[in-house]
Amino acid sequence: MKPLRLPALAALATAFVLAVPAAHAAETADIAAGRALVQQHACFTCHAIEGTKIGPSFTDLAAKFAAMGEGKAEKALDQDVHAGVKGTPMPANPSLSQAELDKIADWILSLKK
Ligand code: HEC
């Protein structure tokens, strides 16, 4: 078999990109925005992606919350990030909008292995 020429590869790549549904692209953008919000709001001071710091790792949180089921997981994350966890160093984040909380939850849940 002859190796594929460049134009053929480009056509294949284009077909692949066009085949990815728009919904998936929007979801990916939300996850990236969630990651940026976590950075901006200094969550990494206390949480690492892997390994416990002052708080549990985001990977562990993803597993814990994902176990609640899809609808519940996002709601519970929104609630905890908004209100904080009383009696622990986990602060409330009253300045985050509902849309921002959803993006943060999407990013955390995307870390589920
Ligand atoms: C000053 C340290 C600190 C900062 C900053 C912080 N957290 Fe936490 N967070 C903690 C600790 C400690 C816990 C564990 C609380 C517990 O014992 O239940 C926690 C728990 C959580 C939980 C799980 C709550 C539960 O019910 O199990 C989530 C989700 C979370 N943090 C997300 C975030 C996000 C998102 C941010 C940034 C907006 C953030 N945290 C900022 C310390 C922090």
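Predicted model: local features only at pLDDT ≥ 70, side-chain atom pairs only at ≥ 80, totals over all residues.
Figure 1. Ala42 belongs to the loop between α2 (22-40) and α3. The backbone here deserves a look. Most residues other than glycine have a negative phi. Ala42 is not a glycine, yet its phi is positive, at about 60°.

Figure 2. The chain holds 5 helices and 0 strands. Read from the N terminus, the order is α-α-α-α-α. The chain has 113 residues, and 14% of them are buried.

**Figure 3. Helices α4 and α5, packed at an angle.** Two packed helices are described by the angle between their axes and the distance between the axes. Here α4 covers residues 70-83 and α5 covers residues 98-110. The angle between them is about 120°. Their axes lie 9 Å apart. The crossing of α4 past α5 is right-handed. On the α4 side, the contact is formed by Ala73, Glu74, Leu77, Asp78, Val81 and His82. On the α5 side, Leu101, Asp102, Ile104, Ala105, Ile108 and Leu109 take part. Sorted by class, this contact has 8 nonpolar, 1 polar and 3 charged residues.

**Figure 4. The largest nonpolar core, with 11 residues.** In soluble globular proteins, nonpolar side chains tend to be buried together. Which residues form the largest nonpolar core here? The members are Phe58, Ala62, Phe65, Leu77, Val81, Leu101, Ile104, Ala105, Trp107, Ile108 and Leu109. The most come from α5, which supplies 6 residues.

**Figure 5. Leu109 and its contacts.** Leu109 is one of the residues in the largest nonpolar core. Which residues touch Leu109, leaving aside neighbours within four places in sequence? The partners are Ala62, Phe65, Ala66, Ala73 and Glu74. Ala62 and Phe65 are also among the core residues. Ala73 and Glu74 are among the α4 residues that meet α5.

**Figure 6. Leu61 in helix α3.** Leu61 sits in helix α3. There are 18 C-beta neighbours inside 10 Å, so Leu61 counts as partly exposed. Leaving out residues up to four places away in sequence, Leu61 touches Pro56 and Ile108. Ile108 is also listed in the largest nonpolar core. Leu61 and Leu111 are 50 residues apart along the chain. Their C-alpha atoms are separated by 8.8 Å.

**Figure 7. Met68 in the loop between α3 and α4.** Met68 is found in the loop between α3 and α4. Is Met68 buried or partly exposed? Met68 has 13 C-beta neighbours inside 10 Å and therefore counts as partly exposed. Apart from neighbours within four places in sequence, Met68 is in contact with Ala73 and Ala76. Ala73 also takes part in the contact between α4 and α5.

**Figure 8. Ala83 in helix α4.** Ala83 belongs to helix α4. Ala83 is partly exposed, as 13 other C-beta atoms lie within 10 Å. Ala83 and Asn93 are 10 residues apart in sequence. In space, the gap is 6.4 Å, C-alpha to C-alpha.

**Figure 9. The shell around the ligand.** The shell around the ligand has 21 residues. Which of them come nearest? They are Cys43, Cys46, Gly55, Thr88 and Met90. Among the elements, α4 gives the most to the shell, with 3 residues. By class, the shell has 14 nonpolar, 6 polar and 1 charged residues.

Definitions and conventions. Residues numbered from 1 in each chain as written. Axes fitted to C-alpha atoms, helices over the stretch in contact; angles between N-to-C directions. Helix = DSSP H or I, 4+ residues; strand = E, 2+ residues; numbered from the N terminus. Left-handed = near helix turned anticlockwise from the far one by under 90°. Contact = placed C-beta atoms within 7 Å. Nonpolar A, V, L, I, M, F, W, Y, C, P; charged D, E, K, R; others polar. Near = placed C-beta within 6 Å. Core = buried A, V, L, I, M, F, W, Y, C linked by C-beta atoms within 7 Å. Buried ≥ 20, exposed ≤ 12 C-beta atoms within 10 Å, placed from the backbone.
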